[in-house]
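The following paragraphs are intended for a reader who meets this structure for the first time. They take up each chain in turn and then the place where the chains touch.

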Amino acid sequence: MSDANGPLLSIRDLKTYFVTGAGSARAVDGVSLELYPGETLGIVGESGSGKTVTSLSVLRLVPEPPGHIMPGSLIEFEGRNLLTLSPGELRAVRGNQIAMVFQEPMSSLNPVFTVGEQIAEVARVHLKVSKPEAWIRAVDMLNQVGVPDADRRAYEYPHQLSGGTCQRVMIAMALMCHPKVLIADEPTTALDVTVQAQILELLEKKQAEMGMAVMLITHDLGIVAGAADRVVVMYAGQVVETAGTTDLFAGPLHPYTAGLLASVPRLDGGRGELTGIPGTVPPATSWPVGCRFHPRCPHAWDRCRTQEPPLLEGPRPGQSARCWMVEEPNRRKAP
Amino acid sequence: MTARPTIALVGALVLAMGAVELLRLRARRTGSGGRFFAHRSAVWGVRILLFFTVAALLAPLVAPYDPAAQPGIVTLQNMPPSWAHPLGTDAYSSDIWSRLVYGGRVSLGIGLLATLVAMSVGVTIGAVAGYARGWIDAILMRLVDVGLAVPRIFMLLLAVAYWNRIPLSILVLLLGLTGWFTTSRLVRAEALSLRGRPFVDAARALGASPTRVLIRHLLPSALAPIIVSAVLSVGNVMLLEAGLSFLGFGVQPPTPSWGTMVADGQAQLALAPWTSFFPGLTIALVVMSWNAVGDALRDAFDPRPEHA
């Protein structure tokens, strides 16, 4: 068992590859990260950076085939490697100790059952309670996630509810068994901005009540700034920077992180133009040699094109980046 | 024909007609119900099926005679339709109407039970193949390919040849076990498309077992095509049963089935055409009804707006 100060969930050298017609797509290629009890870890990256596949790999939900978690990967939760659990043991973890909230609340609910039935199903599966008892718990959970008129709403079908309410239902399902870890994969992307704030607030409130750790996957740095304690930035299937939230926003080490920050409008910034990162994420079947970001990097020099940097410790504790400029800071060009 | 069977017959007719009108009133308000009742042939199909089902269920009341009785093998054989024998008598002087009613029990029963067998096997295999994918899917679907490559009647004749007098239960099983191939393909396709839906992933993420995902999350959404295929299958099975019985390999006399009745009448077709005509007409009507109902159900379940 992990001790009190150790990580609750630790991912070591996770490699999830997909077999495609164009060769093997290395969607997640050697990702390591830790999630500590009670904290919120933001995972940020563009589409195709591997953040969703990382989260799906934790519960082994990657479709197999074509997906495949390579041997040598390790996902340790409370001293057990989730990758070697039997299907039965894994099901006892899913939804019970590690729960997940998905991006599309409307389509993540089964259209042919009432939301009450679907929440109750979780209680039936994991808590082994009777049907009426499960229903009572389902209505109670609906109440807890702030759905008004819960005992009536429980009888409604997903199509009768708004996107925000559906996401509350998904959260109710995820929190039914008081999980230790909640993985939220872009939980607010499909929702209106006002509803986004409510859902994030709800997640924060439930996290404080239940003391669970949250892995918050998003492409929205604004959400990370508001909600996360620590941030992991992913690019091209790798972790390129990890830091405490304040450190990351104050002084990003990796040019990719800096690019992401520069492309977000700021209230306190000047009226200057927003700068994007030129180019797109390369296809996962052929990552660039050397540093995977070098084709898009304004600072790249010869070393970046040939040698792949490891995660290097930066000047601030707890901040490290996969960039040679950590070793050679004078290579950084002025913006 | 005496009073009791006449009253029972009228009763069956009224029941069938009345039930349809009642259904129509209740269903017209819903979109799919309206689409179903827009098919006039299907409405007649439901009436015909209800009539024959009620008559078969109430056979002792509806039939004026014992279907096996041979009251006058010499004097009463091959009598044309009359008041005493509304559809005439056959070569053994049995009343054709009575045999038709009792034969309905056998023919409809075989059709329904064999379909139940076929659907159980087909849905299970299709759902497992579509959900598991990979080599399980490959093996099961190649099996289906083989099954579909051999003509069904041929398979049945081969299998039936093992028995001298085939028991009804075996006949039902054989008809069922040769009829699940298309259904399993259909269900596999549904399962394949449904398993990619986010709510299936969400269910798995919350710890649902494969069995639970299949039964709770995949099958309810695949129910519509399963029902349509079941209804169409009943007509198909009844036609096969009639064919087998006509060839003498199906239901064995003296048990009346519509197929055997057609076969029995065949010898005196020129002398007493009604002995084959009425059972043949019944088979045609009932099979067409099943098909019409199946087609209308397909439309009714299809939520897309009108198409040609």
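A residue is called buried here if 20 or more other C-beta atoms lie within 10 Å of its own C-beta atom, exposed if 12 or fewer do, and partly exposed in between. By this criterion, 45% of the 335 residues of chain A count as buried. The structure is a predicted model, and its scores are ipTM 0.78 and pTM 0.77.

The C-alpha trace of chain A spans about 65 × 50 × 45 Å along its principal axes. For a chain of 335 residues, a compact globule would have a radius of gyration near 20 Å; the value for chain A is 21 Å, which agrees with that expectation. Among the contacts in chain A with a separation of 6 or more, 63% are between residues 24 or more positions apart.

Strand S1 (residues 9–20) of chain A pairs with strand S2 (residues 23–35) of chain A in the antiparallel sense, over nine bridges.

One residue of S13(A), A:Ala321, is the bridge partner of A:Glu241.

Two loop residues of chain A deserve attention for their backbone angles. Most residues other than glycine have a negative phi. A:Arg60, however, has a phi near 55 degrees, a positive value in a residue other than glycine. This residue lies in the loop between helix H1 (51–58) and strand S4 (67–69) of chain A. Is A:Arg60 buried or partly exposed? A:Arg60 has 19 other C-beta atoms within 10 Å, and it is therefore partly exposed. A:Lys128 likewise has a positive phi, near 50 degrees, and is a residue other than glycine. Its position is the loop between H3 and helix H4 (131–144) of chain A. Because A:Lys128 has 9 C-beta neighbours inside 10 Å, it counts as exposed.

Chain B is built from 13 helices and zero strands. Read along the sequence, its pattern is α-α-α-α-α-α-α-α-α-α-α-α-α. The C-alpha trace of chain B spans about 75 × 50 × 35 Å along its principal axes. Of the 308 residues in chain B, 44% are buried. Among contacts in chain B between residues at least 6 apart in sequence, those that join residues at least 24 apart make up 72%. The mean pLDDT of chain B is 85, and 97% of its residues reach 70 or more.

The two chains can now be considered together. In the model, 21 residues of chain A are in contact with 15 residues of chain B. Helix H2 (87–93), strand S7 (98–101) and helix H3 (115–127) of chain A are the elements that give two or more residues to the side of chain A that touches chain B. Which element gives the most to that side? It is H3(A), with three residues. By type, the residues on the side of chain A that touches chain B are twelve nonpolar, six polar and three charged.

The largest nonpolar core has 180 residues, of which A:Ile119, A:Leu142, A:Ala172, A:Val181 and A:Met215 touch the most other members. Helix H5 (residues 96–132) of chain B supplies the largest share of this core, 17 residues. As for A:Ala172, it touches A:Ile119, A:Met141, A:Leu142 and A:Val145, when residues up to four places away in sequence are not counted.

Technical notes: Residues are numbered from 1 along each chain as its sequence is written. Chains are lettered from A and ligands numbered from 1 in the order in which they are written. This is a predicted model: local features need pLDDT of at least 70, side-chain atom pairs count only at pLDDT 80 or more; totals for chains, interfaces and linings use all residues. Two residues are in contact if their C-beta atoms, placed from the backbone, lie within 7 Å. Helices (H or I, at least four residues) and strands (E, at least two) are DSSP runs, numbered from the N terminus. Ala, Val, Leu, Ile, Met, Phe, Trp, Tyr, Cys and Pro count as nonpolar, Asp, Glu, Lys and Arg as charged, and the others, Gly among them, as polar. A nonpolar core is a set of buried Ala, Val, Leu, Ile, Met, Phe, Trp, Tyr and Cys residues joined through C-beta atoms within 7 Å. Two strands pair if DSSP finds at least two bridges between them. pLDDT is the predictor's confidence in each residue, from 0 to 100. The radius of gyration is taken over C-alpha atoms; the globule rule is 2.2 Å times the number of residues to the power 0.38.
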